Amino acid sequence: MTSTMRIERLEPSARVKGRVLAFLEDGSCLKITEQELLDFGLSAGLELDDQTLEALKSRAAGSRARADAAALIGRRAMSRADLEKKLREKGASAADSRYAAEWLEAIGALNDGEYAGLLVRHLADLGYGPARWKEELRRHGIPRELWDEAVEQAGDNDARIRCFLAAKLRGREPDEKEKRRLCNALARRGYSWGEIRAAWDGRLEEEEW
């Protein structure tokens with residue numbers, strides 16, 4: 001036997017424009033869009049059968065995920081993986097999170113390639129090197145095939161290393177202990193030993209010249 005659920009009342013949301021609150025007889029509340037209100041022909045007192053109610057809940061969940069996704073990406077840039085994770089944390093299903101991310105990609109609001117370049121340039125501006133960039137790209141779930149193009153946008157590592165050394169030394173010549181400490185600090189920031197050695201040697205050549 002098919003059961004039904006009656007809509008007790010419908011009210012526009014006081015917080016979100018275009019959202020309608022559908023209060024059901026079991027005490028629950030569905031947050032739907034005005035379009036869903038029209039598409040399902042909803043009105044106070046309407047009896048919804050199980051199939052219609054489930055379809056409405058599914059549409060509402062998808063709409064909510066898209067609205068949350070748009071709000072999140074509007075506040076700050078992020079990767080698709082991070083966006084989907086945040087949507088799931090807000091209660092969206094994996095499928096609705098995926099569809100919301102695909103919708104944003106389709107309208108050009110979400111782009112992992114652009115975000116990867118932005119992330120690498122930001123880290124480079126802070127003085128970090130390639131190993132740190134790749135660690136962050138991995139942490140944010142950026143696909144591996146997008147890394148190389150992002151890394152190419154970062155510019156000259158040698159100049160960044162020399163800038164770091166110049167700021168630390170202020171014209172002094174370090175002893176071996178301080179040199180090791182500075183080299184270790186650069187390695188922790190994500191530069192390879194080859195890059196560090198080349199920049200250090202280049203700095204010495206300039207001073208000799």
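Trainee: In which sense do strand β1 and β2 pair, and over how many bridges?

Mentor: They pair in the antiparallel sense, over 5 bridges. A word on terms: strands are DSSP runs of E with at least two residues, numbered from the N terminus, and two strands pair if DSSP finds at least two bridges between them. This is a predicted model, where local features need pLDDT of at least 70, side-chain atom pairs count only at pLDDT 80 or more, and totals for chains, interfaces and linings use all residues. Residues are numbered from 1 along each chain as its sequence is written, and side-chain values use heavy atoms, with hydrogens and water left out.

So, β1 covers residues 4–12, and β2 covers residues 19–24. Glu11 has Leu21 of β2 as its bridge partner. The two strands make a hairpin with 6 residues between them, and Gly18 in that turn has a positive phi of about 85 degrees.

Now go on to β3: β2 pairs with β3 in the antiparallel sense too, over 5 bridges, with Ala22 standing opposite Leu30.

As for burial, 6 of the 6 residues in β2 are buried (under 20% relative accessible area with a 1.4 Å probe, protein chains only). Both faces are covered: Arg19, Leu21 and Phe23 sit on one side, Val20, Ala22 and Leu24 on the other.

Note on methods: Buried means under 20% relative accessible area, exposed over 50%, partly exposed in between (1.4 Å probe, protein chains only). Helices (H or I, at least four residues) and strands (E, at least two) are DSSP runs, numbered from the N terminus.
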